[in-house]
Amino acid sequence: MSDPAAMRLGLPATGLCLSLGLGLAAPAIAEETPDALPRLALAADATSVIGVSSGGYMATQLAVAWPARFQGLGVLAAGPWACARGSLSLALGQCMGTHKGPPDLNVLAERYRDYRERDLVGEAEALADLRVFIWQGGEDETVAPALGQALAEQFRGWLAAPDEQLNLVESEQAGHGWPVAADTQAPVEALADCRQGGATHLLACDRDIAGEALAWLHGELAPPEAPDRAGRLIAFDQADFEARGLADRGYLYVPEQCEAGGCDLTVALHGCAMGAEQIGETFVRHGGLNEWAAANERVVLYPQAETSLPNPQGCWDWWGFAESAWQLDPLHDTREGTQTSALMAMIERLQAAPETP
């Protein structure tokens, strides 16, 4: 028998991989190879990364690996940094459910110190300066709500002024996923029940979590203009950033005023079964980030993970599957992680000046 809780986050269990319970047929994806990710000379001083579920775990890995490169970190429905420690058993028993007990934050702190001594993560001083937004649904049956609280406790020990830098938001009636506002442009069939989750995991909770997170991470923002200011959602070729577990293409939302460069950047990481391979462009179009980005001169990068035999739900690597073939102690949660390295390379490409002819 497979573990039903595990089956919602993309982890292998008795021959099967966990799923977020998506019941939609995989949409057809065009076969043409898209253009390369452009160099847009984006600003480097106000970058944020936001992720949900496996993308939440990955967002934290990225921010801890390179904290000096980020102003803010947003995490939805995920637990502490390095929670799984390269172990599938811990991923299932302490980082989704807690039947093996809660994560030991002292052990994780020692892991951070060891990584820091080996220059595998960023300096503590840079980590202390981050702004952090954490959201957790009280009815989440995939990632126990206590794990979001543990993540908040972990960051309270890292941040210089946690009362000012950390915002933990808990929605008692919400399940597992990414809440969206009632006036979202998403078709009704693309939304999941707020409490039950499932489907696309865009939760019809009448909560604009994208706006809440961005406002906490970056300060007061201009409100979105309805329905959406001019901007382009483009696909790009991820082959330049070769890493195990990356899909062939990612997505980039570029407001019209950012075509000439100089804008800020937010990286948005989908959860398991939320990639374009499974739900088409639902998350990259209807998560709410694009409207705020257009109104505030911010580009949104939507990297994409792929499905595979070891990862059939297209999760980001938060438990070590992408490294375990050649590493006894996977370094997926460090600067040497194949996916973290690829994501940072995408950020650096976008922040680079365009090449002259």
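Where is Glu141 found? Glu141 sits in the loop between β5 (131-137) and α5 (145-156); helices (H or I, at least four residues) and strands (E, at least two) are DSSP runs, numbered from the N terminus.

Some housekeeping. This is a predicted model, where local features need pLDDT of at least 70 and side-chain atom pairs count only at pLDDT 80 or more, while totals for chains, interfaces and linings use all residues. Residues are numbered from 1 along each chain as its sequence is written, and side-chain values use heavy atoms, with hydrogens and water left out.

Glu141 has a relative accessible area of 61%, so it counts as exposed (over 50%; buried is under 20%, partly exposed in between, with a 1.4 Å probe and protein chains only).

Next, strand β4, residues 72-76. Five of its five residues are buried. On one side these are Gly72, Gly74 and Leu76, and on the other Leu73 and Val75, which leaves both faces covered. In a regular strand, side chains alternate between the two faces of the sheet. Strand β3 (residues 48-52) runs parallel to β4 and is joined to it by five bridges; two strands pair if DSSP finds at least two bridges between them. Opposite Gly74 of β4 stands Ile50.

Last, the open sheet of three strands. Its order is β7-β9-β8, and the pairing is parallel. β7 (178-180) and β8 (192-193) are the edge strands, each pairing on one side only. Three bridges link β7 to β9 (residues 202-204), again in the parallel sense. Val180 has Ala204 in β9 as its bridge partner.
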